[in-house]
Amino acid sequence: MNFSLSTASSLKKNISLFTYPVPRLSIISQLSKVPQTLFRPEGYDHREALFGVPPYGGAIAQSVYYADSDLCDPTVDTRKGYPIRSKDSSGKMEPWPSPFILMVDRGGCSFVQKVRNAQKAGAAGAIIADNTCLCSDKNCVSANGQAVCQPAEPIMADDGSGGDVSIPSFLMFKVDADQVKAELKANHMVQIEMQWALPSPDDRVEYDLWTTPSDPVSKDFQKNFKPVAQALGSHAYFTPHMYIYDGIKSNCQGFDGENMCFNLCTNNGRYCATDPDNDLDHGISGADVVKESLRRICIWKHYGETDGVGTEWWDYVSQFLERCDNPDFFANEDCAKDCYKHAKIKEDVIDRCMRDSGGLEKDTANTFLDLEMQAQVSRGVVILPTAFVNTIALRGGLTTATVFTGICNGYLEGTEPKICTECQGCPDFDGCITSGRCHGGKGGGGVSKNTFMGSILLLSCVFGAAAFWHYRKTREDMREQVRGILAEYMPLEGDDGHVGSPMDFARRGGTEHLMMS
């Protein structure tokens, strides 16, 4: 994550910090004089929320307002805070002009609740100003006279209800947030730019998914992402990972090699998983989850590792979720074989892979499960499910569109596959992925150029036809009126001297001359 802050005075100076993952945050304050302490070449440390949906590959650049509140009350008073605005006709201070980024104080309720309330108030992003110094920051502790400090900044974790939060947010350390708040309270306008960039080294993106076979959150993604993986083709390489708990580190294996965690683990307590239904005596066990994890690892090794698409792997998982994802069939071998059949996977190949990797019986190591545990430690996976794009963890809900957007922003500029340029932002996303074209047009429900021109042509034809019909009808009406007048007042004489009936002239359509020479 890249966090930078710049202040405009007689000079503009940029402050940047590279941490993890990779957003850039810059602040511009209109001041004639700026304290030199605000400039830090090494940048400002912060924490990024593990909820919300950052606009990967995009940016949010808006004015920031300090709510002067912890924002725990869902009824947000948008007429409070700083900088002070002018009053409206009612005599009250004008609300925060949308769009804006809102700074709120930490404490009083969860991070999710604060950011949700900021979102309801119309904020495009939120910054939580920490209220406690780090114990390692002696200057902060001394300056604030705080008897209590914190050894590390908290993780902005999801409290379990953050699925409806769509705006991004950061936690800013107290020593830095206090300086920003001071400028806002002095009624100096501050503009913040939040920009997210993914590493884009080349024309192929690598993306991973960390989950477990019993994880409920990733099920919809695993059911729906296959068409996207196929559409990306060789332009992207996918790797599924199964999260396995280290039973030895968790003391599930006794000194004599006995499995102390019973049916939560395999291999005498070496490899474990949580019990999905929290019932050790019934339903799906942790050992069942470990076995299914190994099965999916082997399916990927034989049917996905070569091309990085893994059509058969997606098919198997989809079939399993449809047929076997319940306590009665989760560990049923016949159900797994049925999924093999529908996904066109050879049963003997997978069985041999599971056996040759070390199996799940006795106190023996399993090569593939050991590799998964090593990978999850080196990658630092602590939240499930988590998707990574070019080694960067994607925040927010695990949806097909979110991961697709992250992947498309991970390409070196100019190397994006056509499916990205065509389907990113398309209202009919599923239809675009299937056909390779966005038929609904982009830009929030607009229409495509072809649709627009076709509509104009159709309207032109309709109005043209209506005008022609009106012209013909008017002409016929006028002719009928003339015929009536002639029939009543003007008897005609033919060339032979015969005086004919006026209606004869009318019936002939007025082809005879009214004036004779």
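H6 and H8 come out roughly parallel to each other, where roughly parallel is the label for angles under 35 degrees, with over 145 being roughly antiparallel, 65 to 115 roughly perpendicular and the rest oblique. Select helix H6 (residues 286-303) and helix H8 (residues 333-343): they pack at an angle of about 20°, and their axes lie 13 Å apart. Those axes are lines fitted to C-alpha atoms, for helices over the stretch in contact, and the angles run from 0 to 180 degrees between N-to-C directions. The crossing of this pair is right-handed; a crossing gets that name if the near helix is turned clockwise from the far one by less than a right angle, and left-handed if anticlockwise.

Show the side chains next. On H6 the contact is made by Lys-291, Arg-295 and Ile-299, and on H8 by Glu-333, Ala-336 and Tyr-340. Contact here means heavy atoms within 4.5 Å. Colour the residues by class and you get 3 nonpolar, no polar and 3 charged. For the colouring, Ala, Val, Leu, Ile, Met, Phe, Trp, Tyr, Cys and Pro count as nonpolar, Asp, Glu, Lys and Arg as charged, and the others, Gly among them, as polar.

Before moving on, a word on what's loaded. This is a predicted model, in which local features need pLDDT of at least 70 and side-chain atom pairs count only at pLDDT 80 or more, while totals for chains, interfaces and linings use all residues. Residues are numbered from 1 along each chain as its sequence is written, and side-chain values use heavy atoms, with hydrogens and water left out.

Keep H8 on screen and select helix H7 (residues 311-323). H7 and H8 pack at an angle of about 140°, with axes 9 Å apart, and that makes H7 oblique to H8. This crossing is right-handed too. H7 contributes Glu-312, Asp-315, Tyr-316, Gln-319, Phe-320 and Arg-323, and H8 contributes Cys-335, Ala-336, Asp-338, Cys-339, Tyr-340, His-342 and Ala-343. By class, the contact divides into 7 nonpolar, 2 polar and 4 charged residues.

**Zoom out**

Switch to cartoon for the whole protein chain, and you have 15 helices and 18 strands to look at. Helices (H or I, at least four residues) and strands (E, at least two) are DSSP runs, numbered from the N terminus. Of the 517 residues in the chain, 43% are buried; buried means under 20% relative accessible area, exposed over 50%, and partly exposed in between (1.4 Å probe, protein chains only). Among contacts between residues at least 6 apart in sequence, 64% join residues at least 24 apart.

**The loop between S5 and S6**

Now go to the loop between strand S5 (59-66) and strand S6 (100-105), where Pro-83 sits. Most residues other than glycine have a negative phi, and most peptide bonds are trans. The bond from Tyr-82 to Pro-83 is cis, with omega near -5°. Another cis peptide bond joins Ser-98 and Pro-99, with omega about -5°, and Pro-99 belongs to the loop between S5 and S6.

Leu-71 is in that loop as well. Its phi is positive, near 60°, and Leu-71 is buried at 4% relative accessible area.

For another positive phi, jump to Asn-187, near 65°, in the loop between helix H3 (174-185) and strand S9 (190-196). Asn-187 is partly exposed, at 37% relative accessibility.

**A mostly covered helix**

Select helix H1 (residues 111-120), where 7 of the 10 residues are buried. These are Phe-111, Val-112, Lys-114, Val-115, Arg-116, Asn-117 and Ala-118. Show what covers them, and you'll find S6, strand S7 (123-129) and strand S8 (169-172) included. After H1 comes Gly-122, with a positive phi near 105°.

**Last stop: Pro-168**

Pro-168 lies in the loop between helix H2 (138-144) and S8. Is Pro-168 buried or exposed? It's buried, with a relative accessible area of 4%. Leaving out residues up to four places away in sequence, Pro-168 touches Val-53, Pro-54, Pro-55, Ile-60, Ala-124, Gly-125, Ala-126, Met-194 and Trp-196.
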